Structure formats: structure tokens, C-alpha cells
Amino acid sequence: MSRPTEDTYRHQGLRKKLVQHLHKKGITDDRVLDAMLTVPRHFFLDSAFDEVAYEDRAFPIGEGQTISQPYTVAYQTQLLETEPYMKVLEIGTGSAYQAVVLAEMGVQLFTIERQKKLFDENWKWNFLKQYSSISFFYGDGFEGQPDYAPFDRILITAAAPFIPQKLIEQLSKGGKMVIPLGAGDVQQMMRITKLDTGVLQEEVFENFSFVPMLKGKNE
Ligand code: SAH
């Protein structure tokens, strides 16, 4: 992959327009909008996509996977309601764009990717080395990351066919999970809050379409 390395005024202008568009679409959390204004999304795509990187669309990142649409990233990040220094687990690192948006918001991020090639791209990529608050893992997100649990927040960025029980176990009391739920073409965005009593409270939001969350690792 050949990545752009320059963040020009043109890119910055397009980014500003994208963020204004997200605000109009209902993203009102300034911390989310500020983070997305800061992160050069075009760095996360091949330079072939330079012209379109700030359109509100998903793009291929190899291995049949995608970088989520900016609106989807903003929507999930807003629902997650993070605060600085929280421990957050992300399932589906992909391009690492969502991971960097969360890191810019000041959380301590643990992120898991099951595709070896995508994982390797990320840990070799110099740009990401400045984000010491992100830990990258190659593994199966259904298993979570028990060594670092519990997490204040868990974000799933692939279509989950069911609510993964091990991830619920790794959620702290009072913690929240944002999960696109559904095995078909369309998923319902859900937010699950683990109350202090351990009872799960579920809220249902808009429909989205994600690539599937798959079991096991891919070499
Ligand atoms: N957050 C990403 C979105 C990538 S698409 C971004 O900002 O670009 C979803 C990703 O989830 C894909 O890379 C896919 O390989 C990964 N994935 C699917 N099932 C998984 C699993 N069980 N564990 C970890 N990652 C998984």
C-alpha cells in the first residue's frame, strides 16, 4: 500500500467540510467532531483514494475489509460516550482510523484484528507509533482481551451475529458496549449498559451495514 504522507490545506479544508456535514447529520458531540477534524483520514487509505477520502463513504482497505463510513465512525463514537483515560476495547482494527479517533479523545485503547495482513500493516506503520495509548492485538475479537479486562467501553466495528458473552464478561460495571447486531445485510446499532447490579440494559438505534464479525483468526 502506498500511503499519502502530506496533510495539505486542501485536505484540511475537505476535512472541515466533512465534519460540518456530520454535524448536520446529527453528530453533536464536539469531542467527536474535534477528533475527526484532527485525524487525517486520507493517511488511512491508499493514495489512489486521495481524491475521495473525505467523502462520507466506506472504502476498501484490502482483505475484503473496509474503512467504515465517516458517519458510522462518528455515530458509534458518539454513542460510546467515552471520557479521557477510560479503558476501551475495539473489535475490528481494520485501517486503525476509528482507533486513532478514539485515541485523540484521550482514551486508553486496546484493539483487536483477526486479519493478519491488516494487523501487520498497522504495527509496522510509523504514523501509528506516536499513539502510545493504542495497543494492537492480532486475535479473535469474540475472545476479547481478558488479560486487560475489565473495560469501561467496548466498541464492535463489525456485524455481530449475537452479543458475545465473553465481551459482556469483560465489561466493567457501569460500562457500555456499542454493537451493530444482526447476521443479515443490515444491523441494528445497539448500546448495552451493564448496570451495577450486573443487569444489562439495551437501547436500539439506527440501522447500518457492516462487514461480518467472523470467528477465529485469518493467517
Ligand atoms: N474500525 C475499522 C473498521 C474495519 S471493518 C476502521 O476504522 O477501519 C471491520 C474489521 O473487523 C475488519 O478489518 C475485519 O477483519 C475485523 N473483524 C471481523 N471479525 C473480527 C473478529 N472476530 N475479531 C477481530 N476483528 C474482526
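Where is the place of Pro-150? In this predicted model, in which local features need pLDDT of at least 70, side-chain atom pairs count only at pLDDT 80 or more, and totals for chains, interfaces and linings use all residues, Pro-150 is found in the loop between β5 (134-138) and β6 (151-156). Residues are numbered from 1 along each chain as its sequence is written, and side-chain values use heavy atoms, with hydrogens and water left out. Helices (H or I, at least four residues) and strands (E, at least two) are DSSP runs numbered from the N terminus.

The peptide bond that joins Ala-149 to Pro-150 is cis, with omega near 0°. A further backbone feature occurs at Tyr-85, which has a positive phi of about 75° although it is not a glycine. Tyr-85 is placed in the loop between α3 and β3.

The ligand sits in the largest pocket. A pocket is defined on a 1 Å grid over the protein atoms alone, as an open set of points where a 1.4 Å probe fits, with protein on both sides within 12 Å along at least five of seven lines; its lining residues have an atom within 4 Å of a point. A molecule sits in a pocket if more than half of its atoms lie within 2 Å of the grid points. The volume of the largest pocket is about 500 Å³, a volume being the space filled by probe spheres set on the points, which are joined across faces, edges and corners. Among the 36 residues of its lining, Thr-66, Gly-92, Thr-157, Ala-158 and Val-211 are the closest to the centre. Two or more lining residues come from each of β2, α3 (70-80), β3, α4 and β4. By class, this lining holds 16 nonpolar, 16 polar and 4 charged residues, where Ala, Val, Leu, Ile, Met, Phe, Trp, Tyr, Cys and Pro count as nonpolar, Asp, Glu, Lys and Arg as charged, and the others, Gly among them, as polar.

Around the ligand there are 27 residues, of which Gly-92, Ser-95, Glu-113, Gly-141 and Leu-214 come nearest; a residue is counted if one of its heavy atoms lies within 4 Å. This shell comprises 11 nonpolar, 12 polar and 4 charged residues. At least two shell residues are supplied by each of β2 (65-67), β3 (87-91), α4 (97-104) and β4 (108-113), and β2 gives the most, with 3 residues.

The side chain of Ser-95 places an N or O atom 2.7 Å from an oxygen atom of the ligand. A nitrogen atom of the ligand lies 2.9 Å from a polar side-chain atom of Glu-90, and a polar backbone atom of Arg-114 is 3.4 Å from a ligand nitrogen atom. The protein covers 99% of the 590 Å² of accessible area (Shrake-Rupley method, 1.4 Å probe) that the ligand has on its own.

The second largest pocket contains about 160 Å³ of space. Its lining includes Met-1, Arg-3, Phe-44 and Ser-95, and divides into 4 nonpolar, 4 polar and 4 charged residues. Both β1 (59-62) and α5 (116-124) supply at least two lining residues, with α5 giving the most, 4 residues.

Terms used. Polar contact = N/O pair within 3.5 Å; in protein donor to acceptor, adjacent residues only side chain to side chain.
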